[in-house]
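Hi,

Here is the structure I promised to pass on. Have a look first, and my notes follow below.

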Amino acid sequence: MAVNSLGWVGFGRSMNGGMKGADMVVIRGANDDFTATSMSSTDYVPPTVDDVQIWKLVEWNQLNGESYFVAQRAVGGCTDNLVNLPFEDLEARFIFAFGRTQDFVYHTLTQRSNLQLNVFHDEPLIGVPDLPYFDTVMPAYEIPLEVDSYICSNFTFPISDVKYHIVATEALINHGLTHHIIAWECPNGVTVPDHAGPEGSWECSTMALDDCIPWPLGWGAGQQIHNLPPHVGVPLGMDGAQNLVLQVHNNNPTFQAGVLDTNGLRYYYTSELRENDVGVLLIGSGASPQAIVLPPQLPSIYVTSECPEKCTQDFQTLNVVTVSWHMHQTGKAMAYHQIRDGREIVNYSMDYWDYNWQGHYENDEFQIIPGDRLFTECFFDTMNRTELTLGGQGTQDEMCVIYLTVYPIPEGAWAMCFGVNMRYTENDPFITSCGDGGIAEFMQEPFVPIPPKEFCAL
């Protein structure tokens, strides 16, 4: 590590890119007396010293106002430390920070950052690709003086006689009020509502737009550039998307006035087509107020949903290449379980959810075949709430959704399977909505719970 400072230095592995769930080393000292201290953090608070010290300082030097360090630790193995994250994950997220003195106090916003690294894999992470791109940017409308607003604008790809693949997205963000950006593909075009503003944008909280379907490329707070795996792409142009609608959800709880929204997404595309077209499968409890009911002042509330075999038996075999988790501000942890023939075959988790650092997580590719059972678990912490929190689209509401990027594209262009466990006892109803292309079938299933995952965060 090389730092333009003579103060303390921190570096480590983070589950999501922030301080929630960080496994780090902090190096401090002066002259010839430096120490490396293993520390952990589960929230936006000063990290705690680990019981087991796993970092070793190998070399150190300070020269001309700069510090140089070499530190090492074992890659694998488990400890009793508060947080102990593997370094060999695909797209591992790292954080670093430094101080101007040896006093270990809070760093400023200009003295910290994060990055993604492929530490032990042959393929390096790709940054901004050297490819043509087109931008979908909101037309400079003034953000409403509302806590939550949903504004849409439509875009047309200029080339329709050639097929391309979109292989990467980059967010174009000019202010900090945006909660998410969702792209919708509209095969038959979009009829702009009569109430559209002079800039061509309109309110669209319901997203009931001319048979539009969700696209597998969007953005959540904190997400960095997203490169799809090298064997998949999102079809664009001929035999792909031509008409898009961008929905921007802004959260303005302090009613800031005069903020112009020109946020949007940049899509990088190529004519060198990849092997597979990808689409999206949505699972979880959704955002229904019947699905998520969270009393206040509780440190951990468990919400589960199932996509049963009666739903997946109508799926084609799907290959999952990325997982994207989504909750709101009381979210604490999430997990995905996949059951086949009574045996769990896939178990992925986000042990430390952080609303401020979202994104797509590339995983070891796995398959969903007809008849599999898919479980979603969400844990919430409402200790900072004084009133009931319900499922909903607003930032102060809650959601429990997993977006799976899959190939081939599901029949009907996308698929969804949301479960609502009404009271969490085996005698109460478990209602599932499953379908594709936006045509849902509702069925009632007996509640079949699975043991909660033992999250590090709980």
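**Disulfides and a cavity**

Both Cys307 and Cys417 are buried (under 20% relative accessible area, where over 50% would be exposed and anything in between partly exposed, with a 1.4 Å probe and protein chains only). Before I go on: this is a predicted model, where local features need pLDDT of at least 70 and side-chain atom pairs count only at pLDDT 80 or more, while totals for chains, interfaces and linings use all residues. Residues are numbered from 1 along each chain as its sequence is written, and side-chain values use heavy atoms, with hydrogens and water left out.

Back to those two cysteines. A disulfide (a pair of cysteine sulfur atoms within 2.5 Å) joins Cys307 to Cys417, with 2.2 Å from S to S. This pair links distant parts of the chain, 110 residues apart: Cys307 sits in strand S26 and Cys417 in strand S34 (residues 414-421). Strands here are DSSP runs (E, at least two residues), numbered from the N terminus. The S-S torsion of Cys307 and Cys417 is about 100°, so the link is right-handed.

Strand S26 (residues 301-307) is mostly covered, with six of its seven residues buried. S26 runs antiparallel to strand S31 (residues 373-380), and seven bridges join them; strands count as paired if DSSP finds at least two bridges between them. In S31, Glu377 is the bridge partner of Thr304.

How many disulfides does a search of the whole structure find? The count is three. One of them is formed by Cys378 and Cys400, with sulfur atoms 2.0 Å apart.

Cys152 and Cys204 form another, their sulfur atoms 2.0 Å apart. Cys152 lies in strand S12 (residues 148-156) and Cys204 in the loop between strands S15 (202-203) and S16 (213-214), so this link ties together parts 52 residues apart in sequence. With 85° about the S-S bond, the link of Cys152 and Cys204 is right-handed.

Finally, there are two cavities of 30 Å³ or more. A cavity is a set of points on a 1 Å grid over the protein atoms alone where a 1.4 Å probe fits but cannot get out, and lining residues have an atom within 4 Å of a point.

Cheers

How values were computed
1 Å grid on protein atoms, 1.4 Å probe; cavity = no way out; pocket = protein on both sides within 12 Å on 5 of 7 lines; lining within 4 Å. Points joined across faces, edges and corners; volume = space filled by probe spheres on them. Helix = DSSP H or I, 4+ residues; strand = E, 2+ residues; numbered from the N terminus.
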